[in-house]
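Please walk through this protein with its model open beside the text.

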Amino acid sequence: MKKMKKNIFKILTIFGLAAALVLASCEDTLLVDPRQSIDADQALKTPDGLNAAINSVYARLRTQEIYGRDLIAVSEALADNGQVTSNSGRLIGENANLPLSHFLNWQSSYLAINEANMILDAIPNVTPVPTDAVRNRWIGQMKFLRALYYFDLARVYAYDPGVAVASQDRGGIPLNTTAIKTASEALNFLPSRAPISEVYNLIYSDLQDAVNLLPNTGAPQFATSGAASALLSRAALYNKDYATAVDAATAALASSVGTVLSGTAYIAGWRTAIHPESMFELRFAIAAESLGVNVSIQSSFNSILNLGSPSSVGGWGDLVPRNDFLTLLGITTTGAGATLTMTMGDDIRANQYIIGSGGRGAGRLVECVKFASKTGISFADNVPIIRKSEMLLNRAEARATPGSSVLNEVAALEDLNTLRVARGLTPVALTGTDLYEEILLQRRLEFAFEGHRWFDLKRLGRNVVKGAAVLEYTDFKILPRIPLRETDGNPNLVQNFGY
């Protein structure tokens, strides 16, 4: 019975792909007739149809399970920067690191990957025949997005290279670069988990192709050569491939996409619709794309309605900074409730934290306002997925990691101090472990409440410490459960340890 249910689900999923390819769009209004009866092969034969399909692959990033919320807010809840308020009852299990309270990006990601595969298969047959530049941009975008989806699946569902718990390691994730178009193909597609090395080989290959095929200029809402270099740098850091991390970060820093801000420009950057540092950014263009007051990123972090009305109640403010994190950032608080006040030190990143409305159950607390309705559309801020300042820290970490093949503490310190000065801090003179740990600290402070901290702890094989509560890295709950509909219907797919 379980296998039959799984097979029915697979068939329905494949039958829905054609509709998904022409119904979803994140760029402009659709240029093809969005009828559910359109066959996928037919919809992908024209430039207009192909562009609409490409928009669908971008649009899936907006789902709650991916960058619409979970890869940002759930990541922060699992890690050690934030604490739950219990205002809405959400994120409590994740913040307590309970079994089954984790990420759920499997299905949405593989649907997007199959869409990308279908588009790549269709490009050679599009008429009228596009120019080389157009064709290369299509291919480059799909390879960039496929690499991003696979990278996020791997860092969620598998151990990162070099830090696997051997007795619990079940391998990487299933890989597929061939489009699945029919029910028969879906029923017969029973992949096993590829070794993590093969997963990264595909990610590297796709991103290197994207670097060569995409233009090096353009809006950060769409893939560019610079964004591909930046994602390659991040992936290489996870892969403990420090030489590639340095080279790719250097290429990304040289790109015209995004800029490293400093001083008041950094503060202002978080108040603009498109973050000036963004190398790749998820766009929410209209109110209809908002995930709403219950599960949006803004509502997860903020009780305020918007930055212009900080006393007006808007979201739930389910996850707020822990006091020990605020101390690291140089923020001190006095009083409580109606008398709560906060003061900031020299670190200008503290400007992204204010006292909330107090209109929800937990009362007035310090909240992170990086996603506080700065566009004027409630619960629909753009999401910076890769910022240019990350490249400084990627390069610094790669060069400061003990045993790194590109160990260069002088260069690492230069990148670290460039970032520190840009954030209002004085330069430091550090070496060895002190230098390495300072780089990791600056990464924590720089990307707090942007979804990095959990994955940074995980790729380093470190425990998650939340006061007296400690999640050991060897605990099976570091990895989520693969959805049962997948393992029940696929005898080749091995479940993660502990589930």
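Two strands count as paired if DSSP finds at least two bridges between them. The model shown here is predicted. In it, strand β3 covers residues 304-306 and strand β4 covers residues 309-313. Two bridges join β3 to β4, and the strands run antiparallel. Together β3 and β4 form a hairpin, with two residues between them.

Now turn to the aromatic rings. A pair of aromatic rings is described by the distance of the centres and the angle of the planes. Searching the whole structure gives 17 aromatic pairs. Take Y58 and F222. Their ring centres are 5.3 Å apart and their planes meet at 80°, so this pair is edge-to-face. The cut-off for that label is an angle over 60 degrees. Elsewhere, ring pairs connect W270, F301, F325, Y353, F371 and F449 into a cluster.

Some rings have an arginine over the face. R423 lies over the face of Y266, at 4.0 Å from the ring centre. R155 does likewise over F455, at 3.9 Å from the ring centre.

Stay with F455, which lies in helix α21 (residues 453-459). Is F455 buried or exposed? Its relative accessibility is 0%, so F455 counts as buried; the limit for that is under 20%. Which residues does F455 touch, beyond its neighbours within four places in sequence? They are L71, S75, F103, R155, V156 and Y238. L71 is 384 residues away from F455 along the chain, yet 9.7 Å separates their C-alpha atoms.

Finally, consider the nonpolar cores. In soluble globular proteins, nonpolar side chains tend to be buried together. The largest nonpolar core here has 110 residues. Within this core, F144 and F280 touch the most other members. Helix α9 (residues 132-157) gives the most to the core, with 13 residues. A second, separate core has 13 residues, including L392, L413, L416 and L440.

Notes:
Residues are numbered from 1 along each chain as its sequence is written. This is a predicted model: local features need pLDDT of at least 70, side-chain atom pairs count only at pLDDT 80 or more; totals for chains, interfaces and linings use all residues. Side-chain values use heavy atoms; hydrogens and water are left out. Rings of Phe, Tyr and Trp (its six-membered ring) pair if their centres lie within 6.5 Å; planes under 30 degrees apart count as stacked, over 60 as edge-to-face and the rest as tilted. A charge sits over a ring if NZ of Lys or CZ of Arg is within 6 Å of the ring centre and within 35 degrees of the ring normal. A nonpolar core is a set of buried Ala, Val, Leu, Ile, Met, Phe, Trp, Tyr and Cys residues joined through side-chain atoms within 4.5 Å. Buried means under 20% relative accessible area, exposed over 50%, partly exposed in between (1.4 Å probe, protein chains only). Helices (H or I, at least four residues) and strands (E, at least two) are DSSP runs, numbered from the N terminus. Contact means heavy atoms within 4.5 Å.
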